[in-house]
Amino acid sequence: MNTERIHWSMIVLVAVSLLVMLSIPAYGEEPSRELLMNASYHRAQAATYRQQAAQFDQAIHRYEIMARVYQYGSERSVGTVNPQGRRAMVERTKRVITYFQQKKHATEQHAANREALAQSLPESLTARAEERR
């Protein structure tokens with residue numbers, strides 16, 4: 001009798017946990033169709049991409065400063081400074097700058113795509129329903 005209650009309580013516990021798991025959206029899950037058809041959602045995504053592009057721009061600026069510092073040090077090296085190491089750092093910072101420029105360009109392109117998509121969609125589905133009337 002006691003084991004029967006345990007079995008039933010286990011079954012109920014598993015069923016409740018499955019219902020809870022199904023009601024919670026998973027991480028990285030696609031937004032709902034209604035949200036995807038909403039222009040304000042895509043504008044918000046475009047703004048997020050623009051913020052990321054601004055962060056990449058700031059990183060590019062910092063690395064350009066670093067490259068200039070290393071460049072100046074390798075050109076005007078004193079006997080104790082490692083000019084070859086500084087030249088190597090100049091090359092590394094230039095590669096990092098190139099990487100960030102590519103990432104910035106890609107995020108700007110994503111922002112432009114989202115903005116174009118937002119312009120082609122109504123602000124909300126309720127606005128679309130009102131237009132039909």
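Trainee: Which residues make up the largest nonpolar core?

Mentor: In this predicted model, the largest nonpolar core is made up of five residues, namely Phe56, Ala59, Ile60, Ile97 and Phe100. H3 and H4 each supply at least two residues of this core, and the largest share, three residues, comes from H3. The term nonpolar core stands for a set of buried Ala, Val, Leu, Ile, Met, Phe, Trp, Tyr and Cys residues joined through side-chain atoms within 4.5 Å. As to the ground rules, residues are numbered from 1 along each chain as its sequence is written. Because the model is predicted, local features need pLDDT of at least 70 and side-chain atom pairs count only at pLDDT 80 or more, while totals for chains, interfaces and linings use all residues, and side-chain values use heavy atoms, with hydrogens and water left out.

Trainee: Why is Phe100 called buried?

Mentor: Buried means under 20% relative accessible area, exposed means over 50%, and partly exposed is in between, with a 1.4 Å probe and protein chains only. Phe100 has a relative accessibility of 16%, so Phe100 counts as buried. Phe56 is buried as well, whereas Tyr99, with a relative accessible area of 45%, is partly exposed.

Trainee: What makes the pair of Phe56 and Phe100 tilted?

Mentor: Rings of Phe, Tyr and Trp (its six-membered ring) pair if their centres lie within 6.5 Å, and planes under 30 degrees apart count as stacked, over 60 as edge-to-face and the rest as tilted. By this rule there are three aromatic pairs. The ring centres of Phe56 and Phe100 are 5.8 Å apart and their planes stand at 35°, so this pair is tilted. Phe56 lies in helix H3 and Phe100 in helix H4, so the pair ties together parts that are 44 residues apart in sequence. The rings of Tyr99 and Phe100, with centres 5.5 Å apart and planes at 55°, are likewise called tilted. One aromatic cluster takes in Phe56, Tyr63, Tyr99 and Phe100.

Trainee: How do you know that Arg50 and Glu115 form a salt bridge?

Mentor: A salt bridge is a side-chain nitrogen of Lys or Arg within 4 Å of a carboxyl oxygen of Asp or Glu. For Arg50 and Glu115 the N to O distance is 3.0 Å, so the pair meets the definition. Arg50 lies in helix H3 and Glu115 in helix H4, so the pair ties together parts that are 65 residues apart in sequence. Arg50 itself, at 43% relative accessibility, counts as partly exposed.

Trainee: Which residues are linked in a network of salt bridges?

Mentor: The network links Arg43, Arg50 and Glu115. Glu115 also forms a salt bridge with Arg43, the closest N and O atoms being 3.7 Å apart. Helix H4 (residues 83–120) holds Glu115 and helix H3 (residues 39–75) holds Arg43, so this pair ties together parts that are 72 residues apart in sequence. The count comes to three salt bridges, and among them is that of Asp57 and Lys104, at 3.2 Å from N to O.

Trainee: What pattern does the protein follow along the sequence?

Mentor: The protein follows the pattern α-α-α-α-α, with five helices and zero strands. Helices (H or I, at least four residues) and strands (E, at least two) are DSSP runs, numbered from the N terminus. Buried residues make up 17% of the 133 residues.
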